[in-house]
Amino acid sequence: MTEPTYAERARAKKMAQANALGIDDALISNLVETFYGAIRSDALLGPIFQSHVADWTPHLARMKDFWASVTLESGRFRGNPMLKHIAVGGLDNLHFDRWLVLWNQTLDDIAPNDAAAQVFREAADRIASSLLTGIKVQRGGLDAISKPKEKQSC
């Protein structure tokens, strides 16, 4: 019998920590289903998703795998979210801010405790920031994310 690899031990530890907070596949499934229900009926985000998601069943399954990979280290998700979001076009701070509002409202209703909710909130904040940064760089290069220079007075 071989010893587990570092990656296997790290994955098992993260899963045990998440499970101890009540984070499991059932919670993730409920969270994703409820959240995307809110997305679909949202005036800002609903039309965007409706124009890009033809079949919700596989999309929801992918999102469950994604969140399981993020929170449980399941390794089930394979894909490139950055390319998918860049391809949508027109996404900006307003869209990601609204996504986070709906995500956090869903967590308020679904999460079994504050610690579990915090795991999802922190991950969503990192993901939204990363995606928005990638989109801005794609549109305008590194200058698009540089801090604006102060205007010099004459």
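Biologist: Why is Asp65 called partly exposed?
Modeller: In this predicted model, Asp65 has a relative accessible area of 27%. Buried would require a value under 20% and exposed a value over 50%, and 27% lies in between, so Asp65 is partly exposed.

Biologist: What makes Arg76 and Asp65 a salt bridge?
Modeller: The side chains of Arg76 and Asp65 meet with a distance of 3.5 Å from N to O, and since the cut-off is 4 Å, the pair qualifies as a salt bridge. The two residues are 11 apart in the chain, with Asp65 in helix α4 and Arg76 in the loop between α4 and α5. Salt bridges with shared partners join Asp65, Arg76 and Asp25 into one network.

Biologist: How do you know that the side chains of Asp25 and Arg76 also meet in a salt bridge?
Modeller: Here the N to O distance is 2.7 Å, which is within 4 Å, so the side chains of Asp25 and Arg76 meet the definition. This pair links distant parts of the chain, since Asp25 belongs to helix α2 while Arg76 sits in the loop between α4 and α5, 51 residues apart. Asp25, at 40% relative accessibility, counts as partly exposed, and Arg76, at 37%, also counts as partly exposed. The structure holds six salt bridges, and another of them joins Lys14 to Glu73, with the closest N and O atoms 3.2 Å apart.

Biologist: Why is Trp67 called buried?
Modeller: The relative accessible area of Trp67 is 2%, and because buried means under 20%, Trp67 counts as buried. Trp67 is also among the residues with the most contacts inside the largest nonpolar core, together with Tyr36, Trp99 and Phe120. That core has 40 residues, and its largest share, 10 residues, comes from α7. In soluble globular proteins, nonpolar side chains tend to be buried together.

Biologist: What makes His59 buried, at 18% relative accessibility?
Modeller: The value of 18% is under the 20% limit, so His59 counts as buried. His59 is found in helix α4 and, leaving aside neighbours within four places in sequence, is in contact with Tyr36, Phe49 and Val53.

Biologist: Why is the ring pair of Phe35 and Tyr36 called edge-to-face?
Modeller: A search of the whole structure finds 12 aromatic pairs. For Phe35 and Tyr36 the ring centres lie 4.9 Å apart, within the limit of 6.5 Å, and the planes stand at 75 degrees, which is over 60, so the pair is edge-to-face.

Biologist: How do you know which helix of the protein chain has the lowest confidence?
Modeller: The mean pLDDT is lowest in helix α5, residues 81-88, at 74, and highest in α2, at 98. Over residues 149-154 the pLDDT is below 50, and beyond near neighbours in sequence this stretch has zero contacts in the model. Where pLDDT is low, the predicted coordinates should not be read in detail. The protein chain averages a pLDDT of 88, with 90% of the residues scoring at least 70.

How values were computed:
Residues are numbered from 1 along each chain as its sequence is written. This is a predicted model: local features need pLDDT of at least 70, side-chain atom pairs count only at pLDDT 80 or more; totals for chains, interfaces and linings use all residues. Side-chain values use heavy atoms; hydrogens and water are left out. A nonpolar core is a set of buried Ala, Val, Leu, Ile, Met, Phe, Trp, Tyr and Cys residues joined through side-chain atoms within 4.5 Å. Buried means under 20% relative accessible area, exposed over 50%, partly exposed in between (1.4 Å probe, protein chains only). Helices (H or I, at least four residues) and strands (E, at least two) are DSSP runs, numbered from the N terminus. Rings of Phe, Tyr and Trp (its six-membered ring) pair if their centres lie within 6.5 Å; planes under 30 degrees apart count as stacked, over 60 as edge-to-face and the rest as tilted. pLDDT is the predictor's confidence in each residue, from 0 to 100. Contact means heavy atoms within 4.5 Å.
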